[in-house]
Amino acid sequence: MLRSQKIPLLVRDQVFRITPGNDEEVQMLKTILDNLKVDFWQPNSASLICQNATVDVHVKRNNTRGLRARLKEEHIDYRVFISNLQKEIEKQTGYRSHRKRRSESQYDYEVYHSLEEIQMWMFDMNRTHSNLVDMFSVGKSYEGRPLYVLRIGKRSRHQKKAVWMDCGVHAREWIGPAFCQWFVKEAIISYQFDSVMRRLLNQMNFYIMPVFNVDGYHFSWTTDRFWRKTRSRNHKFHCRGVDANRNWKVKWCDEGASSHPCDDTYCGPFPESEPEVKAVVKFLRKHRKHVKAYISIHAYAQMLLYPYSYKYATIPNFSCVESAAHNAVTALYSAYGVRYRYGPASTTLYVSSGSSIDWAYRNGIPYAFAFELRDTGYFGFLLPESLINPTCTETMRAVKAIASGLLKKCETNRDRFPYI
């Protein structure tokens, strides 16, 4: 399938990196950006802007000159990170005239794939590796697309520990689905010769959901490359979609989430309003006795985050989770020397309510992690295809480290995980 040509051109749209130096500049910047209606990349809303922390925003070409003038006038530090967004989009995807066929033997894991291609690949993997792969659907999206999951693991009569991993919660974070596919490919291939992977697949099941937000991901290919939310309709506003990582029933719609349907962090009309979230909640509830780790793959920031997101407090089994995160980040670093920060989401990134990792933790899954993959802003959501391989290779090491840790007992006196 050729890449869609429907996406509106973003020629001369720019990405600014702005750093307010004090509280006065923070307030001024919030006002300026609010008037311009920019697309927040990092952080994901104006309310999270704080002094001496960088703010990455996508600015329409009609507003770039005005923003530059205002920032200079107010003496707020900035630089233009991406001077022509359209050029970077084309670099990222390559707009190949000849796509590789979908058959597994020729499937290219070093390019980004459309939803249709990913789903066809899932069918191929299910058909050709039935000894290790089982494909099923946990429900349907708002627009009626199936929500497919692959179970990876050696078939067993007894119940095994399990790891859940989802990718593509936020549509524009294309490196996520690329990693989920990479993980499946590597797990299956290395099962033959890698004793660590063989032990993992023999003793555990991995539930892999390559594209959580199927409607949004499809929309990011056909219409708006930087779409983030789901595609559900709102009866009172023309704006569509809900932030699928603010829609979980844990401190829902509190700090770090918006109640306005037009905002990127809109929490939805009620918890689990999105069929995609509801379907995954139902599956995880059903299997929570066996699911020992929940992993959600996002971008960008180069971080490994764990609960809590919604409050500044220490989780009861902190030392075990912190140790697992440390081991994962160390394993990731060993590949190419890329450094990741790690810690509680609220202090390492920002406070957000209604997140999937807080829900997973509160519902009895003792290890809940969110990865923010490469990079730290130079490419942002437009990570080039040339960086898929190194990004996935290093992340593979981190996920294997987390999974391997689940097969050992975490021995600490303090860490008695209460199923809260």
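Start at the largest cavity, which holds about 260 Å³ of space. A cavity here is a set of points on a 1 Å grid over the protein atoms alone where a 1.4 Å probe fits but cannot get out. Points are joined across faces, edges and corners, and the volume is the space filled by probe spheres set on them. The structure holds four cavities of 30 Å³ or more.

This is a predicted model, where local features need pLDDT of at least 70, side-chain atom pairs count only at pLDDT 80 or more, and totals for chains, interfaces and linings use all residues. Numbering runs from 1 along each chain as its sequence is written, and side-chain values use heavy atoms, without hydrogens and water.

Select Asn 245, Arg 246, Leu 349, Tyr 350 and Glu 372. Of the 25 lining residues, these are the closest to the centre of the largest cavity; lining means an atom within 4 Å of a point.

Now show S2 (39-42), S9 (291-299), H11 (356-362) and S12 (367-373). Each supplies at least two residues of that lining. S9 gives the largest share, three residues. Helices (H or I, at least four residues) and strands (E, at least two) are DSSP runs, numbered from the N terminus.

Next, select H5 (175-190) and H12 (388-406). Their axes come within 9 Å and cross at roughly 65°. Axes are lines fitted to C-alpha atoms over the stretch in contact, with angles from 0 to 180 degrees between N-to-C directions.

Zoom in on the contact (heavy atoms within 4.5 Å). Residues in H5 including Phe 179, Trp 182 and Glu 186 meet H12 residues, among them Cys 392, Met 396 and Val 399.

Key. 1 Å grid on protein atoms, 1.4 Å probe; cavity = no way out; pocket = protein on both sides within 12 Å on 5 of 7 lines; lining within 4 Å.
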